[in-house]
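Biologist: I would like to learn to read a model feature by feature. Please give me the general idea each time, then the case at hand.

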Amino acid sequence: MKNDTLPIYLLSPTPKPGVQHLPMIRFDLIPQAIDFSKYDGVILTSKQGVVALDEVSGGAWRDLPAAAIGKQTALEIEARGGKVIYTATKAYGDVLAEELSEKFPTMRWLYARPKVVVSKIAADLRDAGIAVDEAVVYETSCVRYDADAAPKKEAVLIFTSPSIVRCFLENFGWLEGWRAVAIGHKTADAFPEDIKPLLSPDTSIDKAVEYARDLFPR
């Protein structure tokens, strides 16, 4: 039976209906000039990366086909007028790099990314002999909260990236009654050893919310 009363907090920047929203990070654009004529395609690994590249470039990136790390990124690419030529079979950077090197070995890629990354997409592609440049189009910073903004003691907290784990712990530390759900292995690995998050079976935020609702029966 689903639990309709257990408070669930989504800590990502984007809210979802039916759960409490407590965003942990904010985004800042890094303006720059990019010569898209040098590339055959762009690599995008988050919805925010799509938004940032679109705003930084004034939409010029749309002339190139795009590779997406997952379904949500692909949907954002299409929503902003881009063309998706490939979506990774699993939403992990190493999987995307391996599949791109196999399927598009001669393409020259631009990887539009945040200032801090946890995957080695560019390095993995170069190791495979693929031409890739990196453009740092945005950076993240922690949203700061007073202690009274902390989630209720008995709550499920959904973490969607390693930076969100770090920002949450900087703000609130950790209470024994909290239960953590991590989206992706890298997010799960970002927790200290004494905090054992549950791994969402899917990298979709919607699926993670559904998983959190089913965790603890009434």
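Modeller: Serine 12 sits in the loop between β1 (8–10) and β2 (20–21). Helices (H or I, at least four residues) and strands (E, at least two) are DSSP runs, numbered from the N terminus. This is a predicted model: local features need pLDDT of at least 70, side-chain atom pairs count only at pLDDT 80 or more, and totals for chains, interfaces and linings use all residues. Residues are numbered from 1 along each chain as its sequence is written, and side-chain values use heavy atoms, with hydrogens and water left out.

Biologist: Is serine 12 buried or exposed?

Modeller: Buried means under 20% relative accessible area, exposed over 50%, partly exposed in between (1.4 Å probe, protein chains only). Serine 12 has a relative accessible area of 2%, so it is buried.

Biologist: What is serine 12 in contact with?

Modeller: Contact means heavy atoms within 4.5 Å. Leaving aside neighbours within four places in sequence, serine 12 contacts His21, Pro23, Thr160, Ile164 and Ile205. A polar atom of the serine 12 side chain also lies 3.1 Å from the backbone oxygen of threonine 14.

Biologist: Now a helix. Which residues of α2 are buried?

Modeller: The general idea comes first. An α-helix has 3.6 residues a turn, so residues three or four places apart point the same way. In α2 (residues 71–79), the buried residues are Thr73, Ala74, Glu76 and Ile77. They cover an arc of only 160° around the axis, so they lie on the same side of α2. That arc is taken from the directions from the helix axis to the C-beta atoms.

Biologist: What does the buried side pack against, and what does the other face carry?

Modeller: The buried residues of α2 pack against β4 (41–44), α1 (47–57), β5 (65–68) and β6 (83–87). The face turned away from them carries Lys71 and Ala79, both exposed. Glycine 81 follows α2, with a positive phi near 90°.

Biologist: How do I read aromatic pairs?

Modeller: A pair of aromatic rings is described by the distance of the centres and the angle of the planes. Rings of Phe, Tyr and Trp (its six-membered ring) pair if their centres lie within 6.5 Å; planes under 30 degrees apart count as stacked, over 60 as edge-to-face and the rest as tilted.

Biologist: How many pairs does a search of the whole structure find?

Modeller: The search finds twelve. One of them, phenylalanine 27 with tyrosine 138, is edge-to-face: 5.5 Å centre to centre, 75° between the planes. Phenylalanine 27 is in β3 (residues 25–29) and tyrosine 138 in β8 (residues 131–142), so the pair ties together parts 111 residues apart in sequence. Phenylalanine 27 is partly exposed at 28%. Tyrosine 138 is buried at 5%.

Biologist: Which rings form a cluster?

Modeller: Ring pairs join Tyr145, Phe159, Phe168, Phe172, Trp174, Trp178 and Phe191.

Biologist: And the nonpolar cores?

Modeller: In soluble globular proteins, nonpolar side chains tend to be buried together. A nonpolar core is a set of buried Ala, Val, Leu, Ile, Met, Phe, Trp, Tyr and Cys residues joined through side-chain atoms within 4.5 Å. The largest here has 20 residues; Leu11, Met24, Leu157, Phe159, Phe168 and Phe191 have the most contacts inside it. β9, α5 and β10 each supply at least two residues of this core. α5 gives the most, with five. Apart from this core lies another, of 18 residues, among them Phe36, Val42, Leu53 and Trp61.

Terms used:
Polar contact = N/O pair within 3.5 Å; in protein donor to acceptor, adjacent residues only side chain to side chain.
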